[in-house]
Amino acid sequence: MTTYLIRRLLTLVPVLAVVVTVVFLLIHLIPGDPVSVMLGPDATPAQIQATRQALGLDRPLHEQLLKFYARVLRGDLGQSYFLDRPVVTALLERAEPTLVLTFSALLVAVCRRGSSPPRIRARSGTARSCWPRCSASACPASGFR
């Protein structure tokens, strides 16, 4: 069990690296200028340039990516412009409900472990349509037997 856990934790590192890279690239692939959107239509070119420089968006993409990795490794996820507070603070505020939901689902899954897996039986009768079978196979986790 310990080796399994260690293997899973080691595979987490490359997966997180790929996710962080994809998120970074998606942010930069969005059409339009993010600084113009942040500052609104009344922003002057001087304000836009100053904000781009302050955020480091005037640097080459590979430098931005390396700086992004460094900040993520330090735990600095940046500042939320919509909430006007650090992203880590916003995430930690929502951590409790997420953990409660996760452990509740885990508890239900462990309690059901001993019982037989749910089966769905759909009988179409004489109808030639497949909607009963299709609808039954679309929700196998619903617990119908």
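**Pockets and a buried threonine in a predicted model**

Leaving aside residues up to four places away in sequence, Thr51 touches Val35, Met38 and Leu39 (contact: heavy atoms within 4.5 Å). The model is predicted, so local features need pLDDT of at least 70 and side-chain atom pairs pLDDT 80 or more, while totals for chains, interfaces and linings use all residues. Residues are numbered from 1 along each chain as its sequence is written, and side-chain values use heavy atoms, without hydrogens or water.

Thr51 is part of helix α3. Its relative accessibility is 19%, so Thr51 counts as buried (under 20% relative accessible area, with exposed over 50% and partly exposed in between; 1.4 Å probe, protein chains only). A polar atom of the Thr51 side chain lies 2.8 Å from the backbone oxygen of Gln47.

The protein chain holds 7 helices and 2 strands (DSSP runs, H or I of at least four residues for helices and E of at least two for strands, numbered from the N terminus). Their order from the N terminus is α-α-α-α-β-β-α-α-α. Of the 145 residues, 11% count as buried. Among contacts between residues at least 6 apart in sequence, 33% join residues at least 24 apart. The accessible surface is about 12,100 Å², and 67% of this area belongs to carbon and sulfur atoms (Shrake-Rupley method, 1.4 Å probe).

Pockets were then examined. A pocket is an open set of points on a 1 Å grid over the protein atoms alone, where a 1.4 Å probe fits, with protein on both sides within 12 Å along at least five of seven lines; lining residues have an atom within 4 Å of a point. Volume is the space filled by probe spheres set on the points, which are joined across faces, edges and corners.

The largest pocket has a volume of about 1,200 Å³. Its lining comprises 34 residues, with Ile27, His28, Leu55, Leu57 and Tyr81 nearest the centre. At least two lining residues come from each of α1 (2-29), α2 (34-39), α3 (45-55), α4 (61-74) and β1 (79-80). The lining divides into 19 nonpolar, 8 polar and 7 charged residues (nonpolar: Ala, Val, Leu, Ile, Met, Phe, Trp, Tyr, Cys and Pro; charged: Asp, Glu, Lys and Arg; polar: the others, Gly among them).

The second largest pocket contains about 170 Å³ of space. Val13, Leu16, Ala17, Val20, Tyr69, Val72 and Leu73 form its lining. The largest share, 4 residues, comes from α1. This lining has 7 nonpolar residues, no polar and no charged.

Methods:
A polar contact is a pair of N or O atoms within 3.5 Å; within protein, one must be able to donate a hydrogen and the other to accept it, and residues adjacent in sequence count only if both atoms are side-chain atoms.
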